[in-house]
Amino acid sequence: MEKKVVGVFHNVDEVIRSINSLKDQGYTSDDISLITKEKKEFRDISEETDTKIEKAAVTGAATGGFMGAIAGLLAGIGALAIPGVGPIIAAGPILATLGGATAGAGAGRLVGALVGMGISEHEANEYVNYIKQGDILLLVDTDADREKGIHVTLRPKNALNSSYHNSSST
């Protein structure tokens, strides 16, 4: 059974180290999603990990000319305008889930997308708040056989939600 494991980071370097460790465990770009508010962070992570996760198409909840223009400028890297959250950059499997976002859906749509991926509503609300604060979310698709390795990877890489990756999770 497939499961989503999430790591939250302040620091691009920690995300890069985590992705590289996950790649060493056999994970690919198809298993890894990323959400950030900063285009430069996104590009740095993509370049340093050679994951090419920026290949996804643009979707979004852009409203009005201004938001439409922002979405157009960010078109090459999977930009979404989420009312109540602001512009975010997303890549990986998460884009398919967020692809149905509509104008006015707001942060609730992002929470709903995370819940739909198997994350509890409580945790999903926490993750949306982290995104609003400018933190980086790293989401990994895994199965029960490989899940322990993700928790072992995220604990020492300074994931802000390390309590979700404690020894009882492994």
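Predicted model: local features only at pLDDT ≥ 70, side-chain atom pairs only at ≥ 80, totals over all residues.
The secondary structure of the protein comes to 7 helices and 5 strands. Read from the N terminus, these elements follow the order β-α-β-α-α-β-β-α-α-α-β-α. Of the 170 residues in the protein, 46% are buried. A look at contacts between residues at least 6 apart in sequence shows that 67% of them join residues at least 24 apart.

Helix α1 spans residues 12-24 and helix α2 spans residues 39-49; their axes come within 10 Å and cross at roughly 35 degrees. The crossing of α1 and α2 is right-handed. On the α1 side, the contact is made by V12, V15, I16, I19, N20 and K23, and these meet E41, D44, I45, E48 and T49 of α2. Sorted by class, the contact of α1 with α2 has 5 nonpolar, 2 polar and 4 charged residues.

The buried residues of α2 are E41, F42, I45, S46 and T49. Viewed down the axis of α2, these buried residues fall within an arc of 130 degrees, so they line one face of the helix. The partners of the buried residues of α2 are α1, β2 (32-36), β4 (86-91) and β5.

Helix α7 (residues 144-154) can be described in the same terms. Its buried residues are E147, I150, H151, T153 and L154. Seen down the axis of α7, they fall within an arc of 160 degrees, so they too line one face of the helix. The face of α7 turned away from this buried side carries the exposed residues D145 and K148. Packing of the buried residues of α7 is against β1 (2-9), α1 and β5 (136-143). The N-terminal end of α7 is capped by D143, which places a side-chain oxygen 3.1 Å from the backbone nitrogen of D145.

Two single residues complete the picture. K4 is found in strand β1, and this lysine is buried, with a relative accessible area of 10%. What does the side chain of K4 make a polar contact with? The partner is the side chain of D141, at 2.2 Å. Leaving aside residues up to four places away in sequence, K4 touches S33, P93, M117, I119, L139, V140 and D141.

A113, for its part, lies in helix α5 (residues 106-116). Is A113 buried or exposed? With a relative accessible area of 1%, A113 is buried, the limit for that label being under 20%. A113 and L95 are 18 residues apart in sequence, and their C-alpha atoms are 9.7 Å apart in space.

Key
Residues numbered from 1 in each chain as written. Heavy atoms only, no water. Axes fitted to C-alpha atoms, helices over the stretch in contact; angles between N-to-C directions. Helix = DSSP H or I, 4+ residues; strand = E, 2+ residues; numbered from the N terminus. Left-handed = near helix turned anticlockwise from the far one by under 90°. Contact = heavy atoms within 4.5 Å. Nonpolar A, V, L, I, M, F, W, Y, C, P; charged D, E, K, R; others polar. Buried < 20%, exposed > 50% of the residue type's maximum accessible area, 1.4 Å probe, protein only. Arc of directions from axis to C-beta. Polar contact = N/O pair within 3.5 Å; in protein donor to acceptor, adjacent residues only side chain to side chain.
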